[in-house]
Amino acid sequence: MKKTLVAALLVAVLLSVAVAPAFAKVTDWYSACPNGKPLNVREYPSKEANIVSKIPYGDKVGVDHIVNGWAMIVWGSQDAWVQASLLSKTYPGKKPASSSIGSANYKSFKFTDYAATIKPARTTGTVTLYWNPSTDGTKLGVLHNGDEVSVLATTNTWAQVYLEEENKCGFVLMKYLVKED
């Protein structure tokens, strides 16, 4: 009797571990290409992968998990991938006008994953959060001295940041960030 009970428990544990990923919590994100174009859906996490579909700007996307800058999304019965930096946890609003896109070069961004604190050099104690990496871009709001952010991607000049408390993503100038240890 004890052996049967132990065997049944072992099978239950093994099944729960094997089935658990199928019931993982999928979170909702939104397609938010800064240029307002559709988001490319790829077969595997690489820019070299075939594009299998496109998600219109602002459409909701179910994200299973994010690895090395790529988000595995819920796409029918198959795995599909999109660039995580082109997603937003909040609805991005209407498509940006072409004049607000600026001359940003998103290919130069390198994916990162670290925490930082806002340290403005201005007397106002604030830093502007932009929709895209351009001071001519749409302003999403301001960040204050000491605000904590997650840094998703960087260039020498700009950082794409995520504000967990506000559930907001945007761009700030790198000179206003201090990497946390």
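Predicted model: local features only at pLDDT ≥ 70, side-chain atom pairs only at ≥ 80, totals over all residues.
## Ground rules

Local features need pLDDT of at least 70 and side-chain atom pairs count only at pLDDT 80 or more, while totals for chains, interfaces and linings use all residues. Residues are numbered from 1 along each chain as its sequence is written, and side-chain values use heavy atoms, with hydrogens and water left out.

## Fold and surface

Let's start with the overall picture. The chain contains 14 strands and 2 helices, taken as DSSP runs (H or I of at least four residues for helices, E of at least two for strands) and numbered from the N terminus. Contact means heavy atoms within 4.5 Å; of the contacts between residues at least 6 apart in sequence, 60% link residues at least 24 apart.

Of the 181 residues, 40% are buried (under 20% relative accessible area; exposed is over 50%, and partly exposed lies in between, with a 1.4 Å probe and protein chains only). The chain exposes about 11000 Å², with 55% supplied by carbon and sulfur atoms, by the Shrake-Rupley method with a 1.4 Å probe.

## A salt bridge between strands

The model has 1 salt bridge, defined as a side-chain nitrogen of Lys or Arg within 4 Å of a carboxyl oxygen of Asp or Glu. Asp-28 and Lys-60 form a salt bridge, at 3.9 Å from N to O. Asp-28 sits in strand S1 (residues 27-31) and Lys-60 in strand S4 (residues 60-67), so the pair ties together parts 32 residues apart in sequence. Asp-28 is partly exposed at 43% relative accessible area, whereas Lys-60 is exposed at 52%.

## Cysteines

There are 0 disulfides here, a disulfide being a pair of cysteine sulfur atoms within 2.5 Å. Cys-33 is buried at 5% relative accessibility, and Cys-169 is buried at 10%.
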